[in-house]
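Hello,

Here is the structure I promised to hand over. Please open it first, then read the notes below.

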Amino acid sequence: MTSNMSEFTRVIKRQRISGNMDTPEGGLDAMLQATVCQGEVGWRGEAKRLLLLMTDQPSHLALDSRLAGIVTPHDGLCHLENNVYRKSSTMDHPSLGLLAEKLLENHIYSLFAVEQLQYQWYEELVRLLPGSNLLFQAPNLIDLVVDAYK
């Protein structure tokens, strides 16, 4: 994390975007890795931690990988190598229970900014994740995030 906007912009532009063939996304996988990969992400020990997931799709959940023959449950550990998640083809998606445990353990508040079509799906999900809030994606998203942070 940095307050240097030039550095922030440079790092964001270097990120690789991946895609898949089905509609659900790996948002919960990404949240878990951002939560447990403390050193790789750069969380400061004294920082108030806020994790924002912005999406227009639902996310994969535990057991969704069975159709691909992946039955190994997620171990809740960091699996980032060079900023790439390396276990997507060998380990199942995390369960909501595992994600909730890791968010609490690492003192991270989560915000979900979603499109209206996905609001109900995420409304059910945030009930199971302590410290989570749900927002609509909107032009005033920055104000909503600041309010949630406060």
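**A β-α-β unit**

β4, helix α5 (residues 119–126) and β5 make a right-handed β-α-β unit. Right-handed means that, with the strands pointing away from the viewer, the path from the first strand over the helix to the second runs clockwise. Helices (H or I, at least four residues) and strands (E, at least two) are DSSP runs, numbered from the N terminus.

This is a predicted model: local features need pLDDT of at least 70, side-chain atom pairs count only at pLDDT 80 or more, and totals for chains, interfaces and linings use all residues. Residues are numbered from 1 along each chain as its sequence is written, and side-chain values use heavy atoms, without hydrogens and water.

Strands β4 (residues 108–114) and β5 (residues 132–136) run parallel, joined by five bridges. Strands pair if DSSP finds at least two bridges between them. Val114 has Phe136 in β5 as its bridge partner.

**The disulfide**

How many disulfides does a search of the whole structure find? It finds one. A disulfide is a pair of cysteine sulfur atoms within 2.5 Å. Here Cys37 and Cys78 form the link, with sulfur atoms 2.0 Å apart. The pair links distant parts of the chain, 41 residues apart. Cys37 is in the loop between α2 (27–36) and α3 (38–41). Cys78 is in the loop between β1 (49–55) and β2 (80–81).

Are the two cysteines buried or exposed? Cys37 is buried, at 0% relative accessible area. Cys78 is partly exposed, at 28%. Buried means under 20%, exposed over 50%, partly exposed in between (1.4 Å probe, protein chains only).

Best wishes
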